Amino acid sequence: MFISQEIDDLLSVYSINPFGDKKDKRINLWLDLLDSLPLLQSSAIDLVNEVGVDDHSQDIDQIEGILLQFLPWRKGPFRINQLLVDSEWNSDMKWKRFQSLGIDLAGKSILDVGSGNGYYAFRMLGMGANQVLCLEPNLMHLSQFLAINKLIGPLQIKMIPERLEDSGIKETKFDCIFSMGLLYHQRNPKEHLKILKEFLKPNGQIIIETIVAPEEYDFALEPSDRYASMPNVHFVHSDKGCKAIFDELGLSLVMETESILTNHLEQRKTRWMPFKSFEAALKPDDPSLTIEGYPAPSRKFYLLEISS
Ligand SMILES: C[S@@+](CC[C@H](N)C(=O)[O-])C[C@H]1O[C@@H](n2cnc3c(N)ncnc32)[C@H](O)[C@@H]1O
C-alpha cells in the first residue's frame, strides 16, 4: 500500500498512463521518450549526498540525448554516471538549509506539495523517509520525474499531477508536509496553509520555505505585476506577516532559519535550462533590487506544528 488505501485509489488512475486524463500536446512525445529510456541494471544509487546513479552498462550518450528533450530542467542536479543534468537551480543549496534544521525524516510518510520534478523527494528518501507523495500540476515536471524515476529505479515516490486544493485527498494524514517555493504563488496563502494543516497528523510537522519581504512592507509586499521576473506572485509576506498567519491558523513556530539572498550560484542559466534565469531577475546596476525595483528575493524555512 502506498501511504493509505485512499492514496492507492487516487493513484490507480495513473497506473496505465502516468498523465491520467490530462490534456497536453507534448504527452505522446514524452511517453515515447520515456519508453526509449533504458532500464538501468545493478545500479549504485546515492540519494544522501546528491541524486546520483552509477550504471556503466548503458550508452550514456543515448541517455543524454533523451534527457535533453525534456528541457528545461529547473530543479536538480541529477547525475547518471559522468552525465550531470545541471539544472537552473542548484537545489542542493536549499536542501542543505533545510537540513540545518536537524529534522528527522526517518520512517515518515511525506506530502511534498508543488514538488517540481521530485528532486527533493529523492533527497527525502535519502534521509530515510518511508514514502513520498508529490503533488505537481505542471506536466513538464511530471515528465522529468518519470524519466529520473525510471533511470534510478522506481522508488517509494509517486507524483499526482494535481494542485493541493484539487488533490482529491480527504482522509489521509501525513507525518510531514513540505510546501517549498509556493506560498507567494498562492492567491489565497491562508487557505493553502489551512489545507496543509488539515492533511497533517496531530504530531506532524509542516515545513514551509518561502521568499520573505523586508519589514518595511508590514505584512506583505503585493507586486503590481511580476516579481523578480516571475509571473503569478501574489503576496510576498514579511517574516511578521508569515508569523501572523501561522498564529491565526493555530500553527506553532518550532524552528526557523535565517533568510538567505538567492545568488548566481544557486540559480543560473545552464545548458539544461538555456533560457532567462537569475540575471534577468535583478537590476543589472543594483543587484539588491529586482528588475521591477522590489527588494531582491531572500528565502527562509519555517518548521510548524499544530498548536496544542
Ligand atoms: C517555485 S516552484 C517550487 C518547486 C520546489 N518545491 C522547490 O522548492 O524548488 C513552485 C511549484 O509549485 C507548483 N504549484 C503552484 N501552486 C500549487 C498548488 N496550489 N498546489 C500544488 N502545486 C502547486 C508549481 O507548478 C511549481 O512547480
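In the predicted model, four strands form an open sheet in the order S1-S2-S3-S4, and their pairing is mixed. The edges of this sheet are strand S1 (44-46) and strand S4 (83-85), each of which pairs on one side only. On average, and with direction ignored, neighbouring strands of the sheet are turned by 10° against each other. Within the sheet, strand S2 (residues 52-54) and strand S3 (residues 78-80) run parallel and are joined by 2 bridges. Gly-52 stands opposite Arg-79 of S3. Helix H3 (residues 60-67) packs on the sheet, where it touches S3 and S4. The direction of helix H3 makes about 10° with that of S4.

A further pairing involves strands S14 and S15. Strand S14 (residues 282-283) and strand S15 (residues 286-290) run antiparallel, with 2 bridges between them. Leu-282 has Thr-290 in S15 as its bridge partner. The two strands, S14 and S15, form a hairpin in which 2 residues lie between them.

The largest nonpolar core contains 75 residues, of which Ile-110, Val-132 and Ile-177 touch the most other members. The greatest contribution to this core comes from helix H6 (residues 139-152), which supplies 7 residues. In soluble globular proteins, nonpolar side chains tend to be buried together. When neighbours within four places in sequence are left aside, the contacts of Ile-110 are Leu-105, Met-124, Ala-129, Val-132, Phe-174, Asp-175, Cys-176 and Phe-178.

Apart from neighbours within four places in sequence, His-141 is in contact with Gly-116, Asn-117 and Glu-136. The C-alpha atoms of His-141 and Pro-161 are separated by 9.2 Å, although the two residues are 20 residues apart along the chain.

The ligand is surrounded by 17 residues. The closest of these are Gly-114, Gly-116, Arg-163, Met-180 and Gly-181. The shell around the ligand comprises 6 nonpolar, 7 polar and 4 charged residues.

Notes: Residues are numbered from 1 along each chain as its sequence is written. This is a predicted model: local features need pLDDT of at least 70, side-chain atom pairs count only at pLDDT 80 or more; totals for chains, interfaces and linings use all residues. A nonpolar core is a set of buried Ala, Val, Leu, Ile, Met, Phe, Trp, Tyr and Cys residues joined through C-beta atoms within 7 Å. A residue is buried if 20 or more other C-beta atoms lie within 10 Å of its own, exposed if 12 or fewer, and partly exposed in between; C-beta atoms are placed from the backbone. Two residues are in contact if their C-beta atoms, placed from the backbone, lie within 7 Å. A residue is near a molecule or strand if its C-beta atom, placed from the backbone, lies within 6 Å of it. Ala, Val, Leu, Ile, Met, Phe, Trp, Tyr, Cys and Pro count as nonpolar, Asp, Glu, Lys and Arg as charged, and the others, Gly among them, as polar. Two strands pair if DSSP finds at least two bridges between them. Axes are lines fitted to C-alpha atoms, for helices over the stretch in contact, and angles run from 0 to 180 degrees between N-to-C directions.
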